[in-house]
Amino acid sequence: MQDAKEACKSLSNSELFKGISRDEIDVIVSGARTLEFASGDVIQSAGNAVTQVLLLVDGRIKRSQFSENGQEVVLRLGIPGELITDINSLPKSRYSSTVSALQDCKVLAWGVASFNAIVEHFPGLQKNVEAILLSRLAELSQRFCEVSTKETFPRLAMCLIGLVDRIGERVDEHIELRVSQEILGQMTGMTLNSVCSVLSIWKGQGIVKLRRGIVEIHNLPHLSNCAELVGRDSQVVSKAIFKNVFLSLRHLEEVRTGESVPCT
């Protein structure tokens, strides 16, 4: 138990613990155990029964789905402080995606029944879990819109800008993204050749520099200009999606309780 508490000291900004007191966090974490995974390990596999809820403490993961012919689509790159389990899963359900370690990882793990009991006991935690679900749904829907309607240049630019906020590291006068061009293609629905072609053009314009497994961004304003149109359109789409998701969840709550939930 002590290992889990020590691991949680670095999670003061975790999405799961937002607004939760230190004492409450200690209680929540006391029901978890610490697991470690080596780079390349599969942490959870799509189709397997959901048995535990995992919170990433250290390292980085990718969440993926695979087509029938084995083509991988990367849904999200996870960073410390994030839940990496399908938090909308019902009892006896199965994982909808595969989670793999991109680096050596440490996670906090709760059994499903234990986590559900904790969520019911702490209203603030339940609120955070619902907010995480809404955020994930809106993010995936926005990306679907981008992949379906936008050309390669703004699509890749928007992806890179999103990664700057999540995994970007300031190094001297530029920003480094430790992400392969293959993963960029899997996140944007682009072929590896298309990703390489666009990045090569941007390299010639001085926007980026490329190293093995790293994209250096040297002109963020110019990159933002490439993504400006898609960003504006997606913001409108995201608001509509958020409203639809909220109404759907409100309907589910009415079904569960048998009562009408007032609109806000």
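E82 is buried (under 20% relative accessible area; exposed is over 50%, partly exposed in between, with a 1.4 Å probe and protein chains only), at 6% relative accessibility. This is a predicted model, in which local features need pLDDT of at least 70, side-chain atom pairs count only at pLDDT 80 or more, and totals for chains, interfaces and linings use all residues. Residues are numbered from 1 along each chain as its sequence is written, and side-chain values use heavy atoms, leaving out hydrogens and water.

The side chain of E82 forms a salt bridge with that of R166, at 2.8 Å from N to O; the term means a side-chain nitrogen of Lys or Arg within 4 Å of a carboxyl oxygen of Asp or Glu. R166 lies in helix α5 (residues 152–167) and E82 in the loop between β5 (72–78) and β6 (98–101), so the pair links parts 84 residues apart in sequence. Helices (H or I, at least four residues) and strands (E, at least two) are DSSP runs numbered from the N terminus. R166 is partly exposed, at 25%.

## Salt-bridge network

The whole structure holds ten salt bridges. R178 pairs with E169 at 3.8 Å, N to O, and with E176 at 3.8 Å, N to O. E176 is buried at 6% relative accessibility, whereas R178 is partly exposed at 40% and E169 is partly exposed at 32%. Shared partners join E169, E176, R178, R211 and E216 into one network of salt bridges.

## D41

D41 lies in the loop between β1 (33–37) and β2 (42–44). Its relative accessibility is 31%, so D41 counts as partly exposed.
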